[in-house]
Amino acid sequence: MNQRIPVTELTSSFRGRATEALADGQLRNNFRVAMDSLMQKRADAFPDEQEREGLRELGNHIKARALSRLPDLLEQLEAKLTENGVHVHWAETTEEANRIVHAIIESKQGSQVVKGKSMVSEEMEMNDYLADRDIECLESDMGEYIVQLDGEKPSHIIMPAIHKNRRQVSQLFHSKLGVEATEDVNELIQIGRRTLRKKFLEADVGVSGVNFAIAETGTLLLVENEGNGRMSTTVPPVHVAVTGIEKVVGNLRDVVPLLSLLTRSALGQPITTYVNMISGPRKADELDGPEEVHLVLLDNGRSGAFADAQLRQTLNCIRCGACMNHCPVYTRVGGHTYGEVYPGPIGKIVTPHMVGLDHVPDHPSASSLCGACGEVCPVKIPIPELLQRLRQENVKSPDEPAVVQGGGAKYSWKERALWRMWMALNTRPTLYKCFLWAATRLGKLTPKNLGPWTENHTAPVPAPRSLHDLAKAHLNAGQNRGEQP
Amino acid sequence: MSARDNILSKLRAGLEGTTPRPDQFDEELVTQPWQYAPEDRIERLRSLMEAVHTEVHTLAAANWPAKVQELLENRRLANLLYAPGTGHGQQLAEFWAEADAEQNLLAYDRPIEEWKEELFWQVDASITGTAGAIAATGSLVLWPDRHEPRLMSLLPPLHIALLKASEIEDNLYTMMEKQNWSAGLPTNLLLVSGPSKTADIEQVLAYGAHGPKELVVLILEDA
């Protein structure tokens, strides 16, 4: 099994990776084509604006209601799942979650794992953790399988291999699987099907994510189109589901609008091919299904975001990917540029809580704040507002308590001093007049190099006369002509 | 303190002084736009399912076993997996015996472990019942149990599903309420809305990713 290349090591920063991505014409084309199509599909899936907005409001309400009683719901979920025969585990860190999963596999003397698509397992870097312990963990979603085979990470949370075209997949299958090269997508998918079917048959343990965990009934709901999720959760004798603590909702009926919002926002589908509702292991008289089902509930910084009423809205996310599909920055640089598990606008607001702002200091600023992400979010997360909040947390003085771990990563005394000066100039009329007088007369002395601004723009030069002067002159001229001011 | 206690106490500290939000679920929003006249339900279901490569036939209840045989013959398939413990399974077996059909009937009557290889590689088709369908999204409801196990609708390349026309509901919410799902669910309830598919390569749709390559729905009009 190939070890994945840590994307973060390609270049050290978002800026560096963005420069590389922008220079890659093929990559930009692959993303442009894909995102244009996904935007159109979403628009077509919500033809009635009133219905869409009502549904978004309801989605927001359901998530906010669940978060307003999250600890109680988690306890209810645990009790109900336990009653149904599911083992529930809790993990504060990804290391702890990996240890739990590994212990379950070890207790069954397992060596082969098949995994349905799960972003939480990406957070955990579960594949690498298990590979280091001689356990093969194979991705079974076609897109995930393709990126795993190429030693990469997903570049989109719904379409992990969206950065590749069919020619690239064909070459990859040819070199890694030894099959004849073909650019027929159907044939490529059948090659994947045959290879993975053997793995489903042999696997000791199946791992999956969870889209919604329903406290009322103790049910794990999982959406998918391929059937690999069903395979992973049904064929192996043990099923381990991993999920973030924010995925719990109160009642079964709550998933009706959420499911509709999720599938329509993600791929423009009225519903996915398969919706799995798993409420327990195989019963004594049943002929198939796993004998054991486990759920690992992971925190990994989520309780940190939860502690702040504004940042808590981050946890509304239902992982549809619509914000990245509509983001002008993501569309141009692609998912790998972010260097983290969650790319795009949502990644920029969830990642700081998981790894600390000091690890991703550029993320809150890698946005034009155009507002598209907030406008399409199916559960109305005010992403631009949260990005602005994280920008503030990013430049906090180290003397102030950090609200987000690693906060204050971009604090600069120079910048702070400059803003203080700016404030002083703009709040003291005499000082402002003096500044204006000097700026209009000495404008030519403005430096030609103004840091990143002048990389792509010419340096601004103050006009020889200020707007105030011009307005005054205009009014005076008018009065001289006898006009009313 | 355990991870569980730590997580819960951190979350509780974050909620100190707040009150849980009231439940203002809006039933109308998830039902009203998704209502159809009874005679339109089948059409809505059919058009959505056909749009994702599902073959849909409407026929009289008495004729379905013969239709199944015809489907297998047309595709030159050798065998069919069925559930002998169900009413429709028994009906099928009776027809098969009388019709002296060529295709082998395979009964799913043993635990998966006893014939996993065979189920994975040597079964051409399967037939299952459904617990109804949802017109709004074009979805079948499968309620696997000891008689009709989960893998029947997943492993064979062709899955044939029997659906009573009278059991098609307007939308998911109505279905949940009518069948009282919150009172008790099976170990793995499924909504199935077409054959297995993927668009992971260049967003080009390809069918038969991991599950059935073909789904055929037989709607029994007088049942």
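Modeller: A nonpolar core is a set of buried Ala, Val, Leu, Ile, Met, Phe, Trp, Tyr and Cys residues joined through side-chain atoms within 4.5 Å. Buried means under 20% relative accessible area, exposed over 50%, and partly exposed in between (1.4 Å probe, protein chains only). The model is predicted: local features need pLDDT of at least 70 and side-chain atom pairs pLDDT 80 or more, while totals for chains, interfaces and linings use all residues. Residues are numbered from 1 along each chain as its sequence is written, chains are lettered from A and ligands numbered from 1 in the order written, and side-chain values use heavy atoms, without hydrogens and water.

The largest nonpolar core has 118 residues, and those with the most contacts inside it are A:Leu221, A:Ile381, B:Trp181 and B:Leu191. Its largest share, 7 residues, comes from helix α12 (residues 255-267) of chain A. Helices (H or I, at least four residues) and strands (E, at least two) are DSSP runs, numbered from the N terminus. Apart from this core lies another, of 38 residues, which includes A:Leu149, A:Met231, B:Leu81 and B:Leu119.

One of the residues named above, A:Ile381, touches A:Gln313, A:Thr314, A:Asn316, A:Cys317, A:Ile346, A:Ile349, A:Gly374 and A:Leu386, when residues up to four places away in sequence are not counted. Contact means heavy atoms within 4.5 Å.

Helix α12 of chain A also holds A:Thr263. This threonine counts as buried because its relative accessibility is 3%. The side chain of A:Thr263 reaches the backbone oxygen of A:Pro270 at 3.3 Å. Leaving aside neighbours within four places in sequence, A:Thr263 is in contact with A:Gly268, A:Gln269, A:Pro270, A:Ile271 and A:Thr272.

The strands come next. Two strands pair if DSSP finds at least two bridges between them. In chain A, strand β7 (residues 238-244) is mostly covered, with 7 of its 7 residues buried. In a regular strand the side chains alternate between the two faces of the sheet. Both faces of β7(A) are covered: A:Val238, A:Val240, A:Val242 and A:Gly244 are buried on one side, and A:His239, A:Ala241 and A:Thr243 on the other. Strand β4 (residues 205-208) of chain A pairs with β7(A) in the parallel sense over 4 bridges, and A:Gly206 has A:His239 as its bridge partner there. β7(A) also pairs with strand β10 (residues 292-298) of chain A, again in the parallel sense, over 7 bridges. In β10(A), the bridge partner of A:Thr243 is A:Leu297.

Chain B has its own strand β7 (residues 158-164), which is mostly covered, with 6 of its 7 residues buried. Strand β4 (residues 125-128) of chain B runs parallel to β7(B) and is joined to it by 4 bridges; the partner of B:Ile127 in β7(B) is B:Ile160. A further 7 bridges join β7(B) to strand β12 (residues 214-220) of chain B, also in a parallel arrangement. There, B:Leu162 stands opposite B:Leu218 in β12(B).

Within chain B, strand β6 (residues 139-142) and strand β9 (residues 188-192) run antiparallel, joined by 3 bridges. B:Leu142 stands opposite B:Leu190 in β9(B).

A helix of chain A also contributes buried residues. In α5(A) these are A:Glu96, A:Ala97, A:Asn98, A:Ile100, A:Val101, A:His102, A:Ile104 and A:Ile105. The 14 residues of helix α5 (residues 94-107) of chain A should span 20 Å at 1.5 Å a residue, and the end C-alpha atoms are 20 Å apart, which agrees; the expected span is 1.5 Å times one less than the number of residues. Just after α5(A), A:Gln109 takes a positive phi of about 50°.

The chain totals set the interior in context. Of the 485 residues of chain A, 58% count as buried, and this chain has 22 helices and 10 strands. In chain B, buried residues make up 56% of 223, and there are 7 helices and 12 strands. Among contacts between residues at least 6 apart in sequence, 72% in chain A join residues at least 24 apart; the corresponding share in chain B is 75%.

Notes. Polar contact = N/O pair within 3.5 Å; in protein donor to acceptor, adjacent residues only side chain to side chain.
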